[in-house]
Amino acid sequence: MRGIKIIGAGMYVPEKEADNDWFSTILDTNDEWIYSRTGIRARRISVDKPNFYMAGEAAKAAVADSGIDPAEIDLVLAATCSPDFYYPALSCLVQHETGAVNAAAFDINSACTGFINALDTASRFLEDSDYRNILVVASERLAPHCDYTDRTASILFGDGAGAAVVTRSDKPMWSYLSAKGDYFNALYCKIDHSRSNCPLIAGKDALPEGIIDTEAKSHFLQMNGKAVYKFAVEAMETAVNKVLAKAGLGIDDIDLYIPHQANSRIIESAVKGLGLPVDKVYVNLERRGNTSSACIPTCLAELKQAGRIKDGMTICLVGFGAGLTSGAVVFNQ
Ligand code: COA
């Protein structure tokens with residue numbers, strides 16, 4: 001039987017807080033609009049720390065919390081859509097930062113659904129006796145992706161990292177993962193090849209057909225907010241219903257729901273549609289914003305620090321993001 005137990009959790013948030021009032025000094029916006037449409041009052045921005053530094057700090061905190069020696073980690077999985085390098089993988093830098101010298105390492109990119117996909121992958125590796133302890137990190141530095149002249153998208157995102165050390169459990173786990181690549185252009189950030197000095201391609205940067213941006217800003221995050229909103233509510237409801245059906249569990253059998261923290265209105269709509277008990281749903285986006293794949297492990301770390309992740313609990317994580325991807329996992333801690 002496939003199962004995981006979280007034996008350590010950690011997080012890192014950058015020092016610099018950018019609140020809604022700061023946005024109103026650079027854009028035609030205000031706290032009232034942003035808070036009422038998103039539930040966000042502030043987000044952290046990594047001014048001078050690379051993604052791998054944040055990932056490393058969160059990972060070290062998770063390993064310390066677990067009490068294991070870094071040398072006992074068999075695999076580092078890093079979820080990110082905003083790495084510092086095309087290669088090496090972020091997970092290799094995290095291995096270096098943590099001293100997980102005996103670990104294999106690779107990355108997973110499914111944008112905001114990254115931690116869910118990574119945790120699911122970890123549980124499958126743990127079925128193999130070669131893997132006992134897996135470090136799962138999700139870390140994002142989205143500020144350089146955002147267009148700070150775009151008031152619709154830039155106000156949503158923040159930077160940060162979360163991590164968990166997981167080990168095999170004889171209690172069950174279920175997952176449901178999905179992708180709808182037909183909607184790839186609802187939310188994307190394109191790699192900028194325009195600075196290539198290959199004489200054959202210099203100055204050119206072919207854009208796939210159907211892309212909605214303008215060439216001048218093609219390297220910034222582009223989002224069709226309404227399309228993503230609609231997808232998000234439906235995807236969360238579908239993912240929770242599918243994973244509970246697989247598990248043979250009802251809504252009330254779950255002790256704690258941790259949704260992706262994109263927008264409080266999206267969470268509220270899904271909570272209402274599913275009929276979830278509000279007091280079982282954890283939300284921390286008011287002062288964090290959407291940190292993409294890092295949202296869920298950051299919630300886990302906060303809850304674990306507060307002593308709210310208890311043995312025997314049944315926990316449901318549910319997320320969605322660019323791709324468009326979505327998914328949910330349910331596990332007995
Ligand atoms: N401040 C003030 N006005 C703003 C604004 C801001 N920050 N952003 C947009 N507006 C304006 C628009 O220009 C528009 O004005 P207009 O009517 O004069 O044209 C008006 O507000 C309504 O814009 P709209 O885009 O329809 O707003 P919305 O209610 O759909 O909210 C989002 C926009 C982005 C908050 C919402 O669509 C959303 O949350 N989508 C999901 C995005 C998401 O979660 N992405 C990450 C997924 S992992």
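Author: What follows is a conversation about reading the features of this structure. It is a predicted model, in which local features need pLDDT of at least 70 and side-chain atom pairs count only at pLDDT 80 or more, while totals for chains, interfaces and linings use all residues. Residues are numbered from 1 along each chain as its sequence is written, and side-chain values use heavy atoms, with hydrogens and water left out.

Reader: How many helices and strands are there in the protein chain?

Author: Helices (H or I, at least four residues) and strands (E, at least two) are DSSP runs, numbered from the N terminus. By that reading, the protein chain has 8 helices and 13 strands.

Reader: In what order do the strands of the open sheet stand?

Author: Two strands pair if DSSP finds at least two bridges between them. Here 5 strands form an open sheet of mixed pairing, in the order β1-β7-β6-β4-β5. At its edges stand β1 (4-12) and β5 (104-108), each with a single partner strand, so one side of each is left without a neighbour in the sheet. From one strand to the next the twist averages 20°, where axes are lines fitted to C-alpha atoms, for helices over the stretch in contact, and angles run from 0 to 180 degrees between N-to-C directions. Within the sheet, β6 (residues 133-140) and β7 (residues 160-168) pair in the antiparallel sense over 8 bridges, and Ser 139 stands opposite Ala 161 in β7.

Reader: Which strands does helix α8 lie across?

Author: Helix α8 (residues 295-305) lies across β1, β6 and β7, and runs at about 100° to β1.

Reader: What does the radius of gyration of the protein chain agree with?

Author: The radius of gyration is taken over C-alpha atoms, and the globule rule is 2.2 Å times the number of residues to the power 0.38. For 333 residues a compact globule would have a value near 20 Å, and the 19 Å of the protein chain agrees with this.

Reader: How many disulfides does a search of the whole structure find?

Author: A disulfide is a pair of cysteine sulfur atoms within 2.5 Å, and the search of the whole structure finds 0. For Cys 92, which is in no disulfide, the nearest cysteine sulfur is that of Cys 81, 18 Å away. Cys 146 is also in no disulfide, and the nearest cysteine sulfur, belonging to Cys 189, is 8.2 Å away.

Reader: Is Cys 146 buried or exposed?

Author: Buried means under 20% relative accessible area, exposed over 50%, and partly exposed in between (1.4 Å probe, protein chains only). Cys 146 is buried, since its relative accessible area is 3%, whereas Cys 92 counts as partly exposed at 32%.

Technical notes
Contact means heavy atoms within 4.5 Å.
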